[in-house]
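Q: I am new to this structure and would like to learn how to read its features one at a time. Could we go through it together, with the general idea before each case?

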Amino acid sequence: RALNFNAGPAALPQAVLEKAEKNWLNFNNSGMAIMELSHRSKEYEAVHNQAITSLRKLLSISDDFEVIFLQGGASLQFSMIPMNLLSEESTANYVLTGSWSDKALKEANKIGKTAVAASTKEGGYHSIPNLSDIKVTEDAAYLHITSNNTIYGTQWHQFPDVAIPVVADMSSDILSRPLNMDQFDLIYAGAQKNLGPSGVTVVIIRKELIKDNGKLPTMLNYHTYSSNNSLYNTPPTLAIYLLSLVLEWVEETGGLEAIQKENTEKAHALYAEIDESNGFYIGHAEKNSRSQMNVTFNLASEQLSAKFLAEAKHAGFVGLNGHRSVGGCRASIYNAVPKEHVHELASFMKNFRLNN
Ligand code: PLP
């Protein structure tokens, strides 16, 4: 297995891939592969419902919420959220903490009125704003945050306590830690980091937010999904099957507390090297905003960064280039990245530093 630090699609648990491979041609003795089954069949429906039940259990999601599966990636949610939650009388409030929240805001601007509730853009997205600096408008329909900023490597460690619905893009840190669902009203995530392969998007939405005004296109209306158990049309069956296996793996690993403990240890291994390097590695995120999923850093010069990336590639590390919009280096260490791989990277970084 490669030393895979890709930002998404990203490493999947080996046990999940092995299980899928075992069932590849003959799912549950049906004589068919999972993607050959009808989405109306009992066998598929069992997988579909199991994925929903496991997610509910892992995140302690109460009956006040619907769990729905869609396509179109997290990017489609940038549009669907304002389409479904914003009215002519209200304003969508956004906290800007990186490129993805910026994109979410731009889409909302096309639908209705928006406001920036807080932003760390001017500082270069090195941090998450203080909760006390978040100012929402009186007519706010919701407050949108990006819980983990995949490109800049920052993460929220506390969440806003506001009297309006909180919407969180958790594409790059869902299932990395336990959550208190009371703090959220809508959570969404493209699957291709911690949940499974690309192709399915998960939305967890408080039931009271789902309203059918009869005007939205059917496939852009949350009500269509919630009233049909996400089976109004053909869902991405293979992706949902793999999601169900990933959820089973998280449960078998000990649930979200155990996953969080491991993630903390993994992130610490890399940040400790950055901190001990005395400026050889320059972490992008301020310490109290550091992400446990995406560790972003630079070296003193572009040449040295390029040398580091070239030698890392030669040593077998995959995916360490920073996002094309910011450059530098980024190690994405999602749930499925084994801690041994992270320790190997930390040792590589140390040796590179000592030799350069
Ligand atoms: N939001 C965040 C935080 C992301 O990291 C990404 C992709 O990396 C997206 C949104 C966009 O997701 P998708 O490609 O599923 O539309």
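A: Let us begin with an idea we shall need for packing: two residues are in contact if their C-beta atoms, placed from the backbone, lie within 7 Å. Please keep in mind that this is a predicted model.

Q: How does one read the way helix H1 and helix H6 cross?
A: One looks at the distance between the axes and at the angle, where 65 to 115 degrees counts as roughly perpendicular and over 145 as roughly antiparallel. The axes of H1 (residues 14–22) and H6 (residues 237–253) come within 9 Å and cross at roughly 135°, which makes H1 oblique to H6. The contact is made by Ala15, Val16, Lys19 and Ala20 of H1, with Leu242, Leu245, Val246 and Trp249 on the side of H6.

Q: At what angle do the axes of H6 and helix H7 cross?
A: The axes of H6 and H7 (residues 255–276) cross at roughly 80° and come within 7 Å, and the two helices are therefore roughly perpendicular to each other. Here Val250, Glu251 and Thr253 of H6 make the contact with Gly255, Ala258 and Ile259 of H7.

Q: What should I look for in the backbone itself?
A: Most residues other than glycine have a negative phi, and most peptide bonds are trans. In this model, a cis peptide bond joins Gly8 and Pro9, with omega about -5°, and Pro9 is placed in the loop between strand S1 (3–4) and H1. Asn229 has a positive phi, near 50°, and Ser230 has a positive phi of about 55°.

Q: Where does Ser230 lie, and is Ser230 buried or exposed?
A: Ser230 lies in the loop between H5 and H6, and counts as buried because it has 23 C-beta neighbours inside 10 Å. Asn229 also lies in the loop between helix H5 (222–226) and H6, but Asn229 counts as partly exposed, with 16 C-beta neighbours inside 10 Å.

Key: Residues are numbered from 1 along each chain as its sequence is written. This is a predicted model: local features need pLDDT of at least 70, side-chain atom pairs count only at pLDDT 80 or more; totals for chains, interfaces and linings use all residues. Axes are lines fitted to C-alpha atoms, for helices over the stretch in contact, and angles run from 0 to 180 degrees between N-to-C directions. Helices (H or I, at least four residues) and strands (E, at least two) are DSSP runs, numbered from the N terminus. Angles under 35 degrees count as roughly parallel, over 145 as roughly antiparallel, 65 to 115 as roughly perpendicular and the rest as oblique. A residue is buried if 20 or more other C-beta atoms lie within 10 Å of its own, exposed if 12 or fewer, and partly exposed in between; C-beta atoms are placed from the backbone.
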